[in-house]
Amino acid sequence: MLGAIRFLYMFKSVWAVVAALIVGSFLIKLAGSDPIEAYVALFKGAFTEYYGVGSTLVKMSPLVLAGLAVTVPLRAGQFNIGVEGQIYMGALFATLAALYLPAMPGWLHILAASLSGMIGGAFWALIPAILKAYYRVNEIIVTLLMNYVAINIVSYAVSGPMMAPDAPYPYSHEIPEALFLPHVLPRTDAHLGVVIGIVLAIVIFAVFRYGTFGFTLSTVGKNARAAEYAGVSVRRTIVLAFVVAGAMGGLAGTYEVLGLKYRLFHHFSPGYGYDGIVITFLAGANPLFVVIAATFLAGLRSGAGIMQRAVGVDATVIEAIQGLVVIFVAMGLAFRFDRTYWAKFLHTRRAADRGLAPGSGGDKPP
């Protein structure tokens, strides 16, 4: 029985999603539609129809990388709320490399732009990392505030020095066609970025499970003082964790430019960095589960339009359901498996059952 209860706790994120969908069904009902019909249209469109799958994969690419960018520092006990800013800085650096580096073979130029994007994101994450590691400045506040700085830097760049001539909206020149990422599904926008994101998730999972760096991150995350006493450089570990996370965030911004938009836009991200926080907690900070959580959220987004066309439910209902997922997942964080409590509870229940059992003496009449 104790194992069954522990099993239920392990999947509390799943119960949170189920609860969000159930509450969301009431919202759909209030909107005047059948919830079952709406959910069937949403999930069927997002995960079984060809173009729906393509749309889901497009949205998965930045979500997987954003989720990994939150997961890596969290392993070391650090909260990276600044993925949105790292996405913007990565996109800016990648666009600069794509537009202004000297001519070179296409694959080499894509590699150079990707590395530039990773450097941009890592640089933006390095600032709060140093402030946290060496001056104990709260990383949550710093990374959160730096998001707005990064967004404004990109807005200035695309509305000023990088703005395309006669552009009706702040955006840069289009990058050369040789730098467009290859598509993984013909006749859709699904690009190679989603494959790279999944591969990176597997690599980070392997590092967490078998690598020295992963063990060091876990040690620092569980008890930094004990880790320092054991000879681990806590400061260096925190800085490395943020740098790796920033590189993941930068890569997410890079592939939005190279794989989908082909130029840098003002406010090009709809909040992928913040979605990465939800994905990480939904996945329990497991890199492999990050892929699953990102697929789910991407499917919700891509299926929203299909659901709207099929049953007439406004797509904003899906945004409300996403908010419900966040609330229920956050509530689930308050519930942790307490072996001692449940063992004592089950022991008490068994004792009470034995006391009430016929012939045990507990049910004898006075």
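How many of the 28 residues of helix H11 are buried? The close-up views below come from a predicted model, in which local features need pLDDT of at least 70, side-chain atom pairs count only at pLDDT 80 or more, and totals for chains, interfaces and linings use all residues. Residues are numbered from 1 along each chain as its sequence is written, and side-chain values use heavy atoms, without hydrogens and water.

**View A. Helix H11 and the residue that follows.** H11 covers residues 234–261; helices are DSSP runs of H or I with at least four residues, numbered from the N terminus. Of its 28 residues, 21 are buried, that is, under 20% relative accessible area with a 1.4 Å probe, protein chains only. Just after H11, Tyr-262 has a positive phi of about 65°.

**View B. The packing of helices H6 and H7.** H6 (residues 106–135) and H7 (residues 139–159) pack at about 155°, with axes 10 Å apart; axes are lines fitted to C-alpha atoms over the stretch in contact, and angles run from 0 to 180 degrees between N-to-C directions. The two helices are therefore roughly antiparallel (an angle over 145 degrees). Residues in contact (heavy atoms within 4.5 Å) include Trp-124 and Leu-131 of H6, and Met-146 and Ile-153 of H7.

**View C. Ile-36 in helix H3.** Ile-36 belongs to H3, residues 35–47. Its relative accessible area is 62%, so Ile-36 is exposed (over 50%). The C-alpha atoms of Ile-36 and Pro-176 are 46 Å apart.

Note on methods:
Angles under 35 degrees count as roughly parallel, over 145 as roughly antiparallel, 65 to 115 as roughly perpendicular and the rest as oblique. The expected span of a helix is 1.5 Å times one less than its number of residues.
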